[in-house]
Amino acid sequence: MAQFSRVSGSVGLITLQNPPVNALSAAVRQGIVDTVNKALQEPEVKSVVICGQNKVFCGGADIKSFRGVMTGPPLIPMIHAIEASTKPVVAAIEGIALGGGLELALACHYRISHTKARLGLPEVTLGLLPAAAGSQRLPRLIGITAALDLITTGRHVTAAEALQLGIVDHVTDQNTVDVALKFASSVAGKPLDARRISLYPCPPSDDTDALFEEAMQRVRRSARGAIAPVACVQAVRAAATLPYAQGLEREKELMATLFTSGQARALQYSFFAQRAVGRWSMPSGAQWDTVEPLPVQKTAVIGLGTMGRGIVVALTQAGFSVVAVETHEKQLTQAKQAIEEMLIRGAKRRGVTPEHDTITYSHSMEPVANVDLVIEAVFEDMVLKEKVFQQLSAVCKPGTLLCTNTSGLDIDHLASKTPNPELVVGMHFFAPAHVMKLLEVVYGRQSSPRAVATAMQLGKKMGKVSVAVGNCLGFVGNRMLKPYMNQAFFLLEEGASPELVDQALEEFGFIMGPFRMSDLSGIDVGWRIRKEEGLAVPDQRTGQIPRMQKGCRYSPVGDLICEQGRFGQKTGQGWYRYDKPGGRVARPDPWMQTFLNQYRATHGLVPRRIDPKEVLERCLYALINEGFQTLEEGIAAAPEDIDVIYVFGYSWPQHRGGPMFYADMVGLEKIMDRLEHYHQAHPDVPSLQPCNLLRKLVAIGSPPIHKWSQVMKTLRSQL
Ligand SMILES: CC(C)(COP(=O)(O)OP(=O)(O)OC[C@H]1O[C@@H](n2cnc3c(N)ncnc32)[C@H](O)[C@@H]1OP(=O)(O)O)[C@@H](O)C(=O)NCCC(=O)NCCSC(=O)/C=C/CCCCCCCCCCCCC(=O)O
């Protein structure tokens, strides 16, 4: 809806009304068309202001409506009618002007923004382009380079930057609508052609071809196969090289391809999935809207290794006071310096002053006594963590929430070592913890809903996308990674090279394939865990690590290369070789080829040619199957939880939605058939056997992903 009123006799005020972000739904568009017509028809009205209800200008087109049949007046003619208006129209921008919201403002003759507003054209993040003439108007207003930056990244700019770029005419910290009304009154009757952006020529650049060539290369490098950034460059190129009307045609053509693409569906699903994970629930029925989080102001972090330092920075930047504890003096001094530097760099990037005076460094636990919440981030060793938790239980005030940063250790076990297991939760941060957006909040059997609500809220305040998951080995993310990695190892045994496996998965869209990723994070990490699990241990009789463990196929290739001291980038050798220890450029290593040949010969394995399609199917479908298993067990509450974890924690390409969305796109029946096919070929690999939930979903006709949660409720009792 949009409401019309007349202010001071001669200014028509149009207020968009569609909480919470005044998205341009059919009703809002109809409201704008009607109220603009009214303003044009009423002779008393000499100028117009458009604003949004509740100090929010407009969050753009209604993303939900993209999935159905579009109704209501189309956006583009509505926007053109505003620019063509014979009475000056002023946009009063408060809160946000995003996507179609900014395009609406660009059609107005003047833009006045509140200092705290954010503006942008984020359509690319939804698999689209600014197709309400934004790709044609913005370059004409601010030049090609700046427009390319905003349109291909979708980044939001502050009002100050918008002013500097020339997107807005004036910025105020007063009541923006009042300022705009006064201004509108002052420009009534003035000529408007010079204010119509569609009439501007696109500012020329020195070498347009080179500029667009470079932009295209840049987006192709970072897009990982996403098509929208490429279409955005093409649309801006049309603005730079074609007359406005033809540019618009090109914009429309490009949008038509994007609009119906699977990538747009995936990215829009991902937008809503990020919001859905905030509406967490526990198997007990406790959920986000019925539980009050505990108040948290003072926090502590125990252990200042890489993870602990990142967590201190993230907490500090979120405005919490932090007691940072490290028992080793030298490590404490080094950590202090590193944290200060990280805070200075972060503050510089965000254009604010660093917040380090809220951190208290300590080598003892004493100052932890009066904090509200502790995050233990010591080495991933259960005995050590138990000891720290016992110390914390003795020193902390009653009611303090005890969180452990772990990538997979048993939360229930740790909780059982404390007198208040209901106050224990897991917080699985991803390295670097102050940068990575994902946080798995892990509830144990006894974790109280308030403890979970508190950890979820803390994650949100730290700017994380937090997902509540149940407790099991590896939680959701690392648990699903295991069958994926196992398939990668088996493929090496059967004839693939690390390069072949990595390339297939990188072409799919992962930033790094499993072997390059393993070299980066350290191959020895998994080796240590496998040794603790009793897997990477030579048989006393043969002296070799068995290739069958507990009745299942096991590949010791990772263990064997660790035995050679090849731990990845840090040792300069791993699955690949590097120029030096710590080197970053991975090169294929002839040593690896020889090693794999010898390994296969020793075990009587006849290598075969492996197709990239087989790499994708085996690695991804095994991972997806484990995802269904976590849903079946209730470890993950909904497919969106898994997808958000994989997009934000494991570099799953966002334009493919996430593993469960991808499964839905591929078709559950196909996934099940291919898993069965591979399981027949490898009966000693249980993770290739389709799990019950997948079978049940196929049996009832493979319902679409948004229906799975509902189906799961019924199925869980039968599974
Ligand atoms: C920054 C935000 C706006 C606010 O953030 P925050 O305060 O943290 O709050 P949130 O939790 O994120 O959001 C609150 C709730 O609001 C919902 N929301 C937010 N934005 C929208 C929206 N734009 N539409 C619908 N709903 C929205 C959100 O889901 C929350 O709901 P809930 O509480 O969880 O239920 C932040 O929300 C944000 O960033 N929003 C997105 C902003 C954005 O991306 N805007 C751009 C939208 S796309 C657009 O504008 C496109 C314009 C051009 C359209 C041109 C149309 C032409 C169609 C041509 C088609 C041709 C096809 C031809 C095919 C054929 O031939 O058939």
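Reply: The structure holds 19 aromatic pairs; rings of Phe, Tyr and Trp (its six-membered ring) pair if their centres lie within 6.5 Å, and planes under 30 degrees apart count as stacked, over 60 as edge-to-face and the rest as tilted. This is a predicted model, in which local features need pLDDT of at least 70, side-chain atom pairs count only at pLDDT 80 or more, and totals for chains, interfaces and linings use all residues. Residues are numbered from 1 along each chain as its sequence is written, and side-chain values use heavy atoms, with hydrogens and water left out.

Me: Which parts does the pair of Phe628 and Trp708 tie together?

Reply: This pair is tilted, at 5.2 Å centre to centre and 45 degrees between the planes. Phe628 belongs to helix α23 (residues 612-633) and Trp708 to helix α28 (residues 708-718), so the pair joins parts 80 residues apart in sequence. Helices are DSSP runs (H or I, at least four residues), numbered from the N terminus.

Me: Is Phe628 buried or exposed?

Reply: Buried means under 20% relative accessible area, exposed over 50%, partly exposed in between (1.4 Å probe, protein chains only). Phe628 has 0% relative accessibility and therefore counts as buried; Trp708, at 0%, is also buried.

Me: Why is the pair of Trp652 and Tyr662 edge-to-face?

Reply: The ring centres of Trp652 and Tyr662 are 5.8 Å apart and their planes stand at 65 degrees, so the pair is edge-to-face. Both residues are buried. Ring pairs also link Trp652 and Tyr662 with Tyr484, Phe508 and Phe510 into a cluster.

Conventions
Helices (H or I, at least four residues) and strands (E, at least two) are DSSP runs, numbered from the N terminus.
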